[in-house]
Amino acid sequence: MKITLDHLTKKFPNRDKTKGDVTAVGDFCFDIPDGKLIGLLGPSGCGKSTTLNLISGLETPTSGRIFFGEDDVTKLPPEHRGIGLVFQNYALYPHLTVRQNILFPLQNLKGKNKLSKEQMNEKALEAAKLVQIDELMDRKPSELSGGQQQRVAIARALVKMPRVLLLDEPLSNLDARLRLQTREELRRIQQKTGITTIFVTHDQEEAMSISDEIVVMKSGIIQQIGKPQDVYDSPANLFVAKFLGTPPIDVFNGTVKGGKLYIGDEAVLPAVGVEDQDVYVGIRPEGFILNDKGAFTCQLQNVEVMGRDTSVVSTHKESLNVTIRSIISAENKVDTASKDVRFDLKPYKVFLFNKETEKRILFGGQLAADVPAEMEESLDTAAGRTDSQSK
């Protein structure tokens with residue numbers, strides 16, 4: 001089921017009556033392809049859950065329209081939209097067994113959609129097998145682990161084979177190992193069923209690992225849309241660059257002068273194609289190359305060996321981060337007796353941003369790099385909306 005969000009906007013009354021309404025979602029335009037898993041990603045309060053609630057029908061948009069395929073569902077009640085919704089807190093009925101919880105949506109079907117008892121039991125068992133809990137059908141929720149309870153909630157959402165599956169931070173209550181396992185299961189289930197799925201999370205690792213595309217949001221506005229790796233490799237602005245990546249990107253005050261990029265007094269890279277100006281410089285942790293004669297000097301603080309990789313912790317007077325983390329191969333040996341550590345930089349892991357707008361500035365080989373056409377179009381559209389709203 002293709003979903004079209006056409007200039008979707010949601011405003012809430014401001015507690016301060018002297019100020020205007022609060023815009024939770026601003027002019028959201030996006031076509032969600034049929035059968036894809038889309039991640040809505042951003043910090044708390046960015047509007048991602050409100051967007052999900054608008055799609056589900058739990059909230060009514062202030063303006064704009066929502067289409068499921070060719071059907072305008074903007075004013076359609078949630079129960080008539082054909083959605084499956086999974087919440088962060090599972091929302092299972094504690095007095096019912098797993099089987100009864102899964103059956104519950106089917107028992108509420110009426111008219112031509114009403115099923116026989118045998119049909120309902122068959123569908124419930126199919127859904128349970130899909131999420132691998134068919135051996136737990138007679139247990140109560142209190143007898144299940146957190147991961148098993150989440151699977152019951154997913155089975156209950158899937159049992160009607162909804163047109164759209166909506167997941168609102170479904171893994172937040174799970175421990176790290178179980179979260180990893182469950183997100184892999186979510187991806188498997190989505191691919192097997194082919195149901196168009198929207199996954200809301202503030203965890204960028206979750207979104208990047210299972211989504212076909214991610215939508216990065218800030219203050220209700222789309223910042224960037226694209227395939228996870230494309231967005232990571234080519235962030236549209238400083239916010240996106242800082243939000244994606246673990247460890248986070250290292251950010252510095254820099255200057256472009258005479259076709260060279262300076263951080264402090266050191267010319268660290270050529271900056272062909274960029275006018276002289278002050279810039280923010282973002283360097284991915286994996287963008288550092290250890291070299292005792294390198295162009296970039298930092299003050300060594302610590303070295304952390306992490307099996308395959310080594311994390312070099314350092315500082316620099318122009319760094320906006322408290323510490324700089326550089327990820328290098330464990331085969332490289334760092335002179336821990338030295339006060340300084342020197343690096344060369346990988347140009348494709350270095351990003352420049354305008355000091356005022358914080359938008360990306362392409363330089364050198366990045367000007368000729370293959371940026372997906374659909375990404376450029378989505379960035380231009382998002383940037384245009386942002387500029388128009390700020391006027």
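Reader: Is Cys-298 buried or exposed?

Author: Happy to start there, keeping in mind that this is a predicted model. A residue counts as buried when its relative accessible area is under 20%. Cys-298 has 0% relative accessibility, so Cys-298 is buried.

Reader: While we are on cysteines, how many disulfides are there?

Author: A disulfide needs two cysteine sulfur atoms within 2.5 Å. Take Cys-29: the nearest cysteine sulfur belongs to Cys-46 and is 17 Å away, and Cys-29 is in no disulfide. For the model, the count of disulfides is zero.

Reader: How is the chain divided, and what distance separates the domain centres?

Author: Domain 1 covers 3-233, and domain 2 covers 247-366. Taken over C-alpha atoms, the centres of domain 1 and domain 2 are separated by 39 Å.

Reader: Which strands are the edge strands of the four-stranded open sheet?

Author: This sheet has the order S2-S1-S4-S5, and its pairing is antiparallel. Within it, strand S1 (residues 3-12) and strand S4 (residues 63-68) are joined by five bridges, with Asp-6 having Arg-65 in S4 as its bridge partner. An edge strand here pairs on one side only, and that applies to S2 (22-32) and S5 (71-72).

Reader: At about what angle to S1 does helix H1 run?

Author: Helix H1 spans residues 48-56. It lies across S1, S2 and S4, and its angle to S1 is about 115°.

Reader: In the five-stranded open sheet, why is one side of S15 and of S18 left without a neighbour?

Author: The order is S15-S19-S16-S17-S18, with antiparallel pairing. Strand S15 (288-290) and strand S18 (324-329) stand at the edges, so one side of each lacks a neighbour in the sheet because each has a single partner strand.

Reader: Which residues touch the most other members of the largest nonpolar core?

Author: This core has 35 residues. The elements giving two or more residues to the core are H2, H3, helix H4 (146-158), strand S7 (164-168) and helix H5 (176-193), and H4 provides the largest share, six residues. Leu-158, leaving aside neighbours within four places in sequence, is in contact with Leu-130, Val-131, Leu-165, Ile-189 and Ile-195. The residues that touch the most other members are Ile-102, Ile-133 and Leu-158.

Reader: Which residues does Leu-109 touch, not counting those up to four places away in sequence?

Author: Leu-109 is in the loop between helix H2 (98-107) and helix H3 (117-130). Leu-109 and Leu-52 are 57 residues apart in sequence, and their C-alpha atoms are 24 Å apart in space. With residues up to four places away set aside, Leu-109 touches Lys-114, Leu-115 and Lys-160.

Reader: Which residue in the turn between S12 and S13 has a positive phi?

Author: Strand S12 (residues 260-263) and strand S13 (residues 266-270) run antiparallel and are joined by four bridges. Ile-263 has Glu-266 in S13 as its bridge partner. The two strands form a hairpin with two residues between them, and the turn residue with a positive phi, about 65°, is Gly-264.

Note on methods
Residues numbered from 1 in each chain as written. Predicted model: local features only at pLDDT ≥ 70, side-chain atom pairs only at ≥ 80, totals over all residues. Heavy atoms only, no water. Buried < 20%, exposed > 50% of the residue type's maximum accessible area, 1.4 Å probe, protein only. Domains from an automatic or database assignment. Pairing = 2+ DSSP bridges. Contact = heavy atoms within 4.5 Å. Axes fitted to C-alpha atoms, helices over the stretch in contact; angles between N-to-C directions. Core = buried A, V, L, I, M, F, W, Y, C linked by side-chain atoms within 4.5 Å.
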